[in-house]
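Biologist: Please pick one part of this model and take me through it closely, cut-offs included. I'd like the side chains as well as the overall layout.

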Amino acid sequence: MADEWLRYSCQLALPGFGKESQLKLQNAKILIVGAGGLGCPAAQYLAASGIGTIAIADFDIISTINLHRQILYTPAEIGLLKAEVACKKLQQQNPQIKIVSITEKIITKNVLGIIEDYDIVVDGTDNFETKYLLNDACVLRGKPLVYAAIYQYEGQISVLNVLNDDGTFSPNYRDLFPDVNAAQIPNCAEGGVMPTIAGIIGCIQANEVIKYITKTGELLSGKILMMDSSTLQSRIIKTGTTTKTTITKLLETISVNLISAAEFKNSLGKNKYELIDVRNEDERDKFNIGGKHIPLAEIEKNISLLDFDKPIIFYCETGRRSEEAVRILEKKFPGKDFFSLDGGVKAWKELEITSVK
């Protein structure tokens with residue numbers, strides 16, 4: 001057996017797999033969006049299996065709170081771009097394949113161009129705006145999307161927008177979740193997550209990609225797998241065979257003005273900004289960096305409390321809810337200066353620790 005095939009000898013030995021399936025993997029082009037808890041294990045196993053081209057798209061940097069579940073990274077790499085670090089390590093893992101790093105943020109203006117060259121997209125993101133955007137772009141381009149999400153002990157996964165034999169497409173993300181109030185659902189940093197569920201679901205994503213490319217087994221298309229790592233119970237829910245939604249264009253992503261923890265700290269004492277904490281009362285009591293307290297759910301009812309004579313900075317635990325607050329206010333008061341504290345209280349605390357060192 002030639003050296004280039006030797007590393008794949010165990011999967012080549014699988015009944016019904018063989019060299020033909022391996023060649024399909026080598027000719028495949030995969031895009032993984034999000035190099036976090038899901039993207040790390042998915043990327044590692046897809047690279048190891050011999051996928052010919054893997055692109056990793058992530059504009060974020062490595063943070064301390066990532067390390068318990070984002071297993072490609074080390075403390076020495078904190079502050080570096082996730083996509084670049086991930087690609088470097090994956091290339092070392094398998095020098096035979098092509099690895100592409102994409103460090104620009106995926107938005108309405110670039111998403112169709114980014115996914116164009118890839119056969120299948122893996123969703124490893126943790127925010128609803130990007131999930132809907134990826135879904136809609138994949139529907140418009142006829143690309144399958146391997147969706148997944150994790151929260152606390154639970155995870156879910158489905159293969160969306162798959163072309164059926166009769167020319168129709170399987171359900172997409174909007175069939176499963178027509179409308180989600182993103183601001184009311186905490187992310188991993190706020191609600192917590194068991195690190196192992198990220199690994200389990202990320203590996204299943206990689207498994208579905210391999211199955212799709214090689215036409216092996218039965219895809220999680222038209223169904224969604226739900227898993228609870230605390231009980232190891234899982235169930236598969238059927239979602240239908242064809243989509244019931246019509247998507248004709250992409251919704252415009254709203255670009256939120258961000259201010260870094262360092263920039264905000266340098267402005268303290270200068271009375272330049274109005275500061276608003278949009279977390280709940282328990283979070284504020286545990287720790288806060290000052291300012292007025294108006295929970296996100298009450299922002300629209302308490303607009304009179306805001307001082308519009310100064311730029312307003314909203315903050316929460318990670319920046320997710322404060323970004324939503326900016327979106328809400330920008331719709332009502334276009335042209336005003338609203339900012340979200342980038343990384344939220346977590347980023348502020350890390351800055352404080354760095355300053356002490």
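Modeller: Let's start with what counts as a pocket: on a 1 Å grid over the protein atoms alone, it's an open set of points where a 1.4 Å probe fits, with protein on both sides within 12 Å along at least five of seven lines, and lining residues have an atom within 4 Å of a point. This is a predicted model, so local features need pLDDT of at least 70 and side-chain atom pairs pLDDT 80 or more, while totals for chains, interfaces and linings use all residues. Numbering runs from 1 along each chain as its sequence is written, and side-chain values use heavy atoms, without hydrogens or water.

The second largest pocket has 16 lining residues, with Q11, L14, F17, N207 and I210 nearest its centre. Helices here are DSSP runs (H or I, at least four residues), and strands are E runs of at least two, numbered from the N terminus. Two helices, α4 (39-49) and α10 (195-214), each give the lining at least two residues, and α10 has the largest share, with six.

Now the rings. Phe, Tyr and Trp rings (the six-membered one for Trp) pair if their centres lie within 6.5 Å; planes under 30 degrees apart are stacked, over 60 edge-to-face, and the rest tilted. That gives nine aromatic pairs. One of them is F308 with F333, a tilted pair at 4.9 Å between centres and 50° between planes. F308 sits in the loop between β11 (292-293) and β12 (312-315), and F333 in the loop between α13 (320-332) and β13 (338-341), so this contact ties together parts 25 residues apart in sequence.

As for α13, it is mostly covered, with 10 of its 13 residues buried, among them R320, R321, E323, V326 and L329.

Elsewhere, Y132, Y147, Y173 and F177 make up one aromatic cluster. Finally, charges over rings, meaning NZ of Lys or CZ of Arg within 6 Å of the ring centre and within 35 degrees of the ring normal: K215 lies over the face of Y212, 4.5 Å from the ring centre, and K349 has its charged end over the ring of F287, 4.8 Å from the centre.

How values were computed:
Buried means under 20% relative accessible area, exposed over 50%, partly exposed in between (1.4 Å probe, protein chains only).
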